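Notebook open, model loaded. I wanted to look up a few things and jot them down as I went.

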Amino acid sequence: MSGERGGGRGRGGKKDDKDKAKGDRPRGGFFRRRRVCKFCAEKIDYINYKDVRLLSPFIPERGKIQPRRISGTCAKHQRSLQVAIARARQLALIPYVTD
Amino acid sequence: MSQTRQYELVYIVSPDASEQAVAELHTQIEQIVQRFNGTLDKTENWGRRKLAYEIGHAREGTYVVETISGTGELMKEIDRRLRVIDTVIRHLTVRIDEDLRVADRLHAQRKSTQARRRTARGLPPEPQPSERRGDRDDDDSGDMGLEGAEVQR
């Protein structure tokens, strides 16, 4: 799936991947993933661990933290997001695991 | 030697405790803060909230958030006290002054960059309400579709 860009790891490579995936897929009508960091786009400087509404999009049903490659969060904000989620978990605002 | 710093203290009081007990706890903390020459900047009571998971046997709890300026020793003492009190089922202390400073700096930086660029373009430094664009983009549905694709692979 990675194509001619070795590994397809960078942003550009990833995009190529997605375009191909789109080609593979007969079901029409879905957009290329938005690769924008939410915190950069909305200019959130401090990721507040008490704001469950802010954090919840990054916690899928299982309760794990959504990886950067899916959420599109930039490295800097993913790091602070990690800390914020860890704190929120400790305060029982967010579950550690859910099954 | 010890510096004054800003901390944020969040504690969860057991659902069995009465409102009066919560208030008492608050005054207790206030007293400790005063004893160590700190200041209690802000108190926020979130009221009763459902917990994301059980702590002990509690399924809900009363959340209280306090913003405190003081020394590390003060926080150490509060931490020790909260550990002992068993109506407090969970507490967390976070130092926030540095984070707030960083956030302020970023905010100011962005403001000044914006002002500089706008004056370079011959516009007033502050954006006018009339030129606001829609902040939201509407391809969230695309996100969902791809998450599914990711799982399938």
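This is a predicted model: local features need pLDDT of at least 70, side-chain atom pairs count only at pLDDT 80 or more; totals for chains, interfaces and linings use all residues.

Residues are numbered from 1 along each chain as its sequence is written, chains are lettered from A and ligands numbered from 1 in the order in which they are written, and side-chain values use heavy atoms, with hydrogens and water left out.

**Entry 1**

I looked up Q78(A), which is found in helix α5 of chain A. Helices here are DSSP runs (H or I, at least four residues), as are strands (E, at least two), numbered from the N terminus. Is Q78(A) buried or exposed? Q78(A) is buried, as its relative accessible area is 8%. For contacts I use heavy atoms within 4.5 Å. Leaving out residues up to four places away in sequence, Q78(A) touches I65(A), Q66(A), P67(A), R68(A), S71(A) and T73(A).

Next came Y96(A), in the segment after α5 of chain A. With a relative accessible area of 42%, Y96(A) is partly exposed. Which residues does Y96(A) touch, not counting residues up to four places away in sequence? I noted G63(A), R89(A), Q90(A) and, from the other chain, Y53(B). I also checked Y96(A) against K43(A): they are 53 residues apart along the chain, and their C-alpha atoms are separated by 27 Å.

**Entry 2: chain B overall**

I counted four helices and four strands in chain B. From the N terminus on, the order is β-α-β-β-α-β-α-α. Of the 153 residues in chain B, 33% are buried. I took contacts in chain B between residues at least 6 apart in sequence, and 69% of them join residues at least 24 apart. The accessible surface of chain B (Shrake-Rupley method, 1.4 Å probe; for residues, only the protein chains shown count as cover) comes to about 10100 Å², and 47% of that belongs to carbon and sulfur atoms.

**Entry 3: the sheet**

In what order do the four strands of the open sheet lie? The order is β2-β3-β1-β4 (chain B), with antiparallel pairing. Two strands pair if DSSP finds at least two bridges between them. β2 (39–55) and β4 of chain B are the edge strands, each pairing on one side only. On average, neighbouring strands of this sheet are turned by 20° against each other, direction ignored.

I then went through the pairs. β1(B) and β4(B) are antiparallel over seven bridges, and V10(B) stands opposite L92(B) in β4(B). Helix α5 (residues 75–90) of chain A packs on the sheet, touching β2 and β4 of chain B, and its direction makes about 155° with that of β4(B). For such angles, axes are lines fitted to C-alpha atoms, for helices over the stretch in contact, and the range is 0 to 180 degrees between N-to-C directions.

β1(B) and β3(B) run antiparallel, joined by nine bridges, with Q6(B) opposite S69(B) in β3(B). β2(B) and β3(B) are also antiparallel, joined by eleven bridges. Their hairpin has two residues between the strands, and G56(B) takes a positive phi near 65° there.

Why is β3 of chain B largely enclosed by the rest of the structure? Eleven of the 13 residues of β3 (residues 58–70) are buried, so the strand is largely enclosed.

**Entry 4: helix α3 of chain B**

I checked the length of α3(B), residues 97–120. At 1.5 Å a residue (times one less than the number of residues), its 24 residues should span 34 Å, and the end C-alpha atoms are 34 Å apart, which agrees. Buried in α3(B) are D97(B), A103(B) and R118(B). The buried residues of this helix pack against β1 (5–13) and β4 (88–95) of chain B. After α3(B) comes G122(B), with a positive phi near 75°.

Technical notes: Buried means under 20% relative accessible area, exposed over 50%, partly exposed in between (1.4 Å probe, protein chains only).
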